Amino acid sequence: SNPRDRIVAAATAMHETLAAWPWAAEILTADGFVGLLGEPALWMVETIVAGALDNGCTPVQAVDLFRGIWYYTVGEILVRAHTGRRRLDERPWRDIDFSSFDASRLPHLAALGGQWPVLAARDIYPQGLRAFVDGLLAQAGPADPAGSTG
């Protein structure tokens, strides 16, 4: 398979693993967590970094790509886990209705009305992951736009 598909597959496996244990994602939110992982768990990191390098990323870009995917993945899992707990305790959280907003100041939110909870509850991780990976891989190569050297 191509490098991009390997990256997406490894990130999806990482997401599925962490989604089953959201508490693990919370524990691993500090930079440097990779050093705490055992070798069996590192295959996902290795696959993502290797895929980035195979796609033409510099080593710096490969690590940046992994970290970006990690932040996106952990953030998505933590928001969903916290939202799930909050929804059990706070009924108003489920009843967000923007239709009472001043349409002259917040026209787009007011137009959404009560649709926000339904729209926000959709699982868009796979689409977001693919778009994120594609965007980062499009920057691959020696001319790192962030000014880093690799």
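User: So how are helix 1 and helix 3 oriented to each other, roughly parallel or roughly antiparallel?
Analyst: Roughly antiparallel. This is a predicted model, and in it the axes of helix 1 (residues 3-20) and helix 3 (residues 42-54) cross at roughly 160°. The cut-off for roughly antiparallel is over 145 degrees, so the label follows.

User: And what's the distance between those two axes?
Analyst: They come within 8 Å.

User: Is the crossing left-handed or right-handed?
Analyst: Left-handed, as helix 1 passes helix 3. On the helix 1 side, the contact is made by Pro3, Arg6, Ile7, Ala10, Ala11, Ala13 and Met14. Helix 3 brings in Trp43, Met44, Thr47, Ile48, Ala50, Gly51, Ala52 and Asp54.

User: OK, zooming out. How many helices and strands are there in the protein?
Analyst: 8 helices and 0 strands. Along the sequence that reads α-α-α-α-α-α-α-α.

User: What share of the residues is buried?
Analyst: 29% of the 150 residues. As for contacts, take those between residues at least 6 apart in sequence: 73% of them join residues at least 24 apart.

User: Switching to helix 8. Which residues are buried there?
Analyst: Tyr125, Leu129, Val133 and Leu137. Viewed down the axis of helix 8, the buried residues fall within an arc of 90°, so they line one face.

User: Why would residues spaced like that point the same way?
Analyst: An α-helix has 3.6 residues a turn, so residues three or four places apart point the same way.

User: What span should helix 8 have, going by its residue count?
Analyst: Helix 8 (residues 125-137) has 13 residues, and at 1.5 Å a residue it should span 18 Å. The C-alpha atoms at its ends are 18 Å apart, so the two agree.

User: Now Glu76. Where does it sit, and is it buried or exposed?
Analyst: Glu76 is in helix 4 (residues 59-89). Its relative accessible area is 15%, and the cut-off for buried is under 20%, so Glu76 counts as buried.

User: Which residues does Glu76 touch, leaving out those up to four places away in sequence?
Analyst: His15, Asp123 and Tyr125. Tyr125 is also one of the buried residues in helix 8.

User: Last one, Gln139. Where is that?
Analyst: In the segment after helix 8. Gln139 is partly exposed, with 41% relative accessibility.

Definitions and conventions: Residues numbered from 1 in each chain as written. Predicted model: local features only at pLDDT ≥ 70, side-chain atom pairs only at ≥ 80, totals over all residues. Heavy atoms only, no water. Helix = DSSP H or I, 4+ residues; strand = E, 2+ residues; numbered from the N terminus. Buried < 20%, exposed > 50% of the residue type's maximum accessible area, 1.4 Å probe, protein only. Contact = heavy atoms within 4.5 Å. Expected span 1.5 Å × (residues − 1). Arc of directions from axis to C-beta. Axes fitted to C-alpha atoms, helices over the stretch in contact; angles between N-to-C directions. Parallel < 35°, antiparallel > 145°, perpendicular 65-115°, else oblique. Left-handed = near helix turned anticlockwise from the far one by under 90°.
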